[in-house]
Amino acid sequence: MRKLRIALTKGRLEKQTVELFERMGLDCTELHNKGRRLILPVGDYEAVLAKAADVVTYVEHGVCDIGVVGRDTIVEYGKSFYEVCDLGLGKCDFCLAGKKGVPFYGGYNVKRIATKYPNVTRAFFQSKGMDVNIIKIEGSVELAPLLELSDAIVDIVETGTTLRENGLEVYEKIMPISARVIVNTASMKLRRDEIDEFVEMIGKASQEAKV
Amino acid sequence: MKTYAKLTPEGTRDFLFEESDALRTVERQLADLFKSRGYRKIITPTVEFFDVFNRESAGTLPESLYTMTDAYGRLLVLRPDSTLPIARVAATRLRGARLPLRLYYNQNVFARRPKLAGYSDETTQSGIELLGAGGLRADLEALTLAMRVMEQCGAPDYKLEIGHAGYFQSLCEALGASGETVSEIYACVESKNFVALDTVLDALGDTPATRAVRELPRMFGDARVLDKAAQALQMQDGETHEALAYLAAVYERLEKAGLSEHITIDLSLVHRTNYYTGLMFRGYISGSGETVLTGGRYDRLIAEFGEDLPAVGFGVQTDALARAKLQRGETESPPAPQFLVFGEEGFETDALDLQAKLLAEGKTCENSVAQSAQEAAQYARQCGIPTVYIVDANGVREVRV
């Protein structure tokens, strides 16, 4: 049977996850000297490096058994898998933000919202029974209200520094976000013991890291 | 003008050669399994009225349906499922038929799936429905047949998980939460999202029921789960205990039959199609990230169509089984025919007669449409056909290739 395959989100979350792996006593030499390789052995596992949105896709299809990915990606792409553990890494919030001092909910006009997360935005305003116009932006969403393309933005906010430096403020927090461990449905049934062991180990490592 | 004449719509595909062979093999194996046990085939229309599926219990999302209208503006759908049409037939044309009714089907179902995600909108399903029979005997028949299916067409390392709809339902009733909260809990349990589940339950305070629900996502594994759940359940509610006892009884029978190594118990098994009322099961094989078999008892569904019949059944994703077969390298492309017949000008039908004679003898034989005997021999060489029969005025000549 092939090794358990774990999809890691490239970038900052990857570094933090590797730290947890080391805490778990896994041999991460290959991950440190990865060069341009995308599939690497880590202890008895196989790590796959991918963009966040692809991590959920690989896990949903079962080509990777386990994934480490931000909750923002999970709620935006809404795929089907098991979400088994909160690693407490990369903590931030989904927020509604806009120009400082402008009352967002005032007036009758339909608001325009710029965002990288159209599904999260749609669900949020649907729950408020509010009709909004969503514009998908790929890069720095903060630009949209500054250039008066939109009335507000929905984005992830960690410290709020970027917002403050551009004269924006958080109007409302939508939901807290952190990195999660996700597991493919079929793998969970077929390789239960190995997966349980991994999840328990990484859960423990994340608890220790918090202390 | 831009044309799509050379494409198939997104979510659909052509099946060629090995792929269609593997699919037909699986379908034939399943049909044999079902027929030999007294199940009769049923074919329902591809297009049905929307009303057949427009019910709370179906759990079909409206955005996943392929819809159209008939000449009177009535809403039609491409069937997303075969169980509901069969329930319709059972309550109408088969009303008063001798029970139990054993039916099997093998037909395509349609659902709009997320685009650009590698899913098919048109999939093939086979399955059985055992109608008009309640209780353990019928459940065991369906369950062991499902295991037989997984063993013969799935993979040797298949897993079947069993659960009970009543367990989760009665726990939710005991929570006394609003419908919205219950559906939130439902979603958390289905995706084994411990984190979100805890948040929802925190708002409901600490009661025996919330403690039991909190444990739910962890309640899967072997038979020990049942004891663990029964102990953890600090409730007197009969229904939850009944569900646990029922699963224990099912497990005991399967253990006796030597089948328990493939069984896991999952008390958190909940299903979007919430017509299930009792035993529920799902099958998994390696090489397929999705569920390949889904089934269970649905005692109240047929009553929605006007006939109160208990029922149990399951459906198998035959295309997923065929794909797994191909992945494992169990391809079965048919061997080249043994003979090729070629008729010289004026003897074309004689060649076809010879072909018919050879076929009647149980041989495999292809008719050559080449322009000359030489061309026919060349074709045979390319296809690996060992023998060519050439028919002309002198009778039949055999050419070894």
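**A walk through a two-chain model**

Let's start at Cys95(A), which is buried because 20 other C-beta atoms lie within 10 Å, and 20 or more is what it takes to count as buried. Bear in mind that the model is a predicted one. Cys95(A) sits in strand S6 of chain A, residues 92-99. Leaving out residues up to four places away in sequence, its contacts are Asp155(A), Val157(A), Val170(A), Glu172(A), Lys173(A) and Ile174(A).

Now for the nonpolar cores. The largest one has 81 residues, and Ile128(B), Ala142(B) and Ala146(B) have the most contacts inside it. Helix H4 of chain B, residues 135-154, is the top contributor to this core, giving nine residues. What is Ile128(B) in contact with, leaving aside its neighbours within four places in sequence? The partners are Phe34(B), Tyr39(B), Leu103(B), Tyr104(B), Ala142(B), Leu145(B), Gly313(B) and Phe314(B). There is also a second, separate core of 38 residues, with Leu13(A), Leu20(A), Val42(A) and Val183(A) among them.

Staying with chain B, you'll find it split into domain 1 (17-327) and domain 2 (339-400). The centres of these two domains, taken over C-alpha atoms, are 53 Å apart.

Next comes an open sheet in chain B, built from four strands in the order S14-S13-S15-S16 with mixed pairing. Strand S14 (365-367) and strand S16 (395-400) of chain B are at the edges with a single partner strand each, so each has one side with no neighbour in the sheet. From one strand to the next, the twist averages 25 degrees. Strand S13 of chain B (residues 339-343) runs parallel to S14(B), and three bridges join the two. Look across from Phe339(B) and you'll see Cys365(B), in S14(B). Packed on the sheet is helix H12 of chain B, residues 348-360, which touches S13, S14, strand S15 (387-392) and S16 of chain B. The direction of H12 makes about 155 degrees with that of S13(B).

Finally, how do the chains meet? The contact draws 18 residues from chain B and 14 residues from chain A. On the side of chain B that touches chain A, strand S7 (159-164) and helix H7 (194-202) of chain B each supply at least two residues. By type, the residues on that side of chain B are four nonpolar, nine polar and five charged.

Terms used
Residues numbered from 1 in each chain as written. Chains lettered and ligands numbered in written order. Predicted model: local features only at pLDDT ≥ 70, side-chain atom pairs only at ≥ 80, totals over all residues. Contact = placed C-beta atoms within 7 Å. Nonpolar A, V, L, I, M, F, W, Y, C, P; charged D, E, K, R; others polar. Domains from an automatic or database assignment. Pairing = 2+ DSSP bridges. Axes fitted to C-alpha atoms, helices over the stretch in contact; angles between N-to-C directions. Buried ≥ 20, exposed ≤ 12 C-beta atoms within 10 Å, placed from the backbone. Core = buried A, V, L, I, M, F, W, Y, C linked by C-beta atoms within 7 Å.
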